[in-house]
Amino acid sequence: MDSYRDYHNRYFDSLQALRAIAALCILWEHIPFFGRGSFAVDIFFCLSGFTAMHSSRLEGQPFLGRRLRKLLPLYYAMTLLTFFAALALPGLFAQTRADLPSLAASLLFIPFSISPGIVQPLLRLGWTLNVEMAFYLCFVLANRYAHRWRGLIVGGLFGLLAFAGMAYPLSPGQSAGFSWEALSYFFTRHYMADFALGIGIYYLGARLYGHKRPVGSLTALLAALAMLAAYPWLMPYIPSQGLGRMLSLSLPGAGICLAFLWADACYRTPRFLRSLGSASYSLYLLHYYPILAVHRLLYPLDVLEGKSLSIALAMSLLLFLAALASKRFIEDGLIPWLFSLFRRRQKNS
């Protein structure tokens, strides 16, 4: 019982470390000469499924409000920045169109084809938030009306959507804008299973957490780190869709999450990794345009050589520092202050 209580009251530093590693992988996904870090998206989705379950153990616990306060302000700011930049300098953007329907759909998290065959919002990286928001909406409804069965309901739904997409592969269509083809394609991809696996990790983790076996958890952690190191070299051989992609990305990603979760019971996480993990959302949203600007305006990063590698490493450091500053002064400073100011004015009116 004590281990069960500890499991539900614990803040998992090891998962913050995993977020830091995953965010770094996604950053390097957008370094042109590398471009092999997209596997980390599946890890983030698994962690979302786990976090939703872990933070809603007690019926009536606030869940959606906290997530929206964290996700929306920075995403909206970056989306509006993208809109006005595309409006002023359309030549810098290959696919993004600065029109009001695209802006509205992006702000409302409605998937649409920004160009034929490409389903993403104005802010390219925001496609993951479209998936996350759909998950949160389903989870909040299940949590409110069937709290005890919330994991089974939402995990089952998202698992079924993933398998439906594998059994009946869909196309995003060949027209830009909103379409049912794009919507159905977007929500039947393999990554829908990541959330179901994350929910499964919550239940399995509760059992593992009570068995503090340092050797076993260290072995699992080392295997997970080896998988993370191997993925960039395996990505060219991973199927682009279907069951093969789920077996290559979703299941191993869930295993990595579980290994880090188990390690938390036995080992302390370095402080700098905890800090970087807490700033992973800022890093995710902020890194893309600086890398794109350097690549297009200052120095091409297409080829791996000494100068391009040095620039990429320097940018990684600077972007992590910028993310830490964003976390401290915007996520934990400005945004909570604005919300408290709004509540005070609402209370006084």
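In which helix is Ala-206 found? Ala-206 belongs to helix H9, which covers residues 192–209; helices (H or I, at least four residues) and strands (E, at least two) are DSSP runs, numbered from the N terminus. The structure is a predicted model, in which local features need pLDDT of at least 70 and side-chain atom pairs count only at pLDDT 80 or more, whereas totals for chains, interfaces and linings use all residues. Residues are numbered from 1 along each chain as its sequence is written, and side-chain values use heavy atoms, with hydrogens and water left out.

With a relative accessibility of 21%, Ala-206 counts as partly exposed; buried means under 20% relative accessible area, exposed over 50%, and partly exposed in between (1.4 Å probe, protein chains only). Although Ala-206 and His-8 are 198 residues apart along the chain, a distance of 8.3 Å separates their C-alpha atoms.

Two packed helices are described by the angle between their axes and the distance between the axes. Axes are lines fitted to C-alpha atoms, for helices over the stretch in contact, and angles run from 0 to 180 degrees between N-to-C directions. For helix H2 (residues 13–29) and helix H12 (residues 271–278), the axes come within 7 Å and cross at roughly 65°. H2 is therefore roughly perpendicular to H12; angles under 35 degrees count as roughly parallel, over 145 as roughly antiparallel, 65 to 115 as roughly perpendicular and the rest as oblique. The crossing of H2 past H12 is left-handed, a term used if the near helix is turned anticlockwise from the far one by less than a right angle, with right-handed used if clockwise. In this contact (heavy atoms within 4.5 Å), H2 contributes Asp-13, Gln-16, Ala-17, Arg-19 and Ala-20, which meet Leu-273, Arg-274, Leu-276, Gly-277 and Ser-278 of H12. The residues of the contact of H2 with H12 comprise four nonpolar, three polar and three charged. Here Ala, Val, Leu, Ile, Met, Phe, Trp, Tyr, Cys and Pro count as nonpolar, Asp, Glu, Lys and Arg as charged, and the others, Gly among them, as polar.

A second pair is formed by H4 and helix H6 (residues 127–145), which pack at an angle of about 160° with their axes 12 Å apart. H4 and H6 are therefore roughly antiparallel to each other, and H4 passes H6 in a left-handed crossing. Leu-64, Arg-67, Leu-68, Leu-71, Leu-72 and Tyr-75 of H4 make this contact with Leu-129, Met-133, Tyr-136 and Val-140 of H6. The contact of H4 with H6 has nine nonpolar residues, no polar residues and one charged residue.

Helix H4 (64–88) is also the element against which the buried residues of H5 pack. In helix H5 (residues 100–107), these buried residues are Ser-102, Leu-103, Ala-105 and Ser-106. They lie on the same side of H5 because they cover an arc of only 165° around the axis, the arc being that of the directions from the helix axis to the C-beta atoms. Leu-100 and Pro-101, on the other side of H5, are exposed.

Most residues other than glycine have a negative phi. Just after H5, however, Phe-109 takes a positive phi of about 60°. Phe-109 lies in the loop between H5 and strand S1 (113–115) and, at 13% relative accessibility, counts as buried. Phe-109 is also one of the contacts of Asn-130, a residue of helix H6. Asn-130 is buried, its relative accessible area being 2%. Leaving aside neighbours within four places in sequence, the contacts of Asn-130 are Phe-109, Ile-110, Pro-111, Pro-121, Phe-186 and Phe-187.
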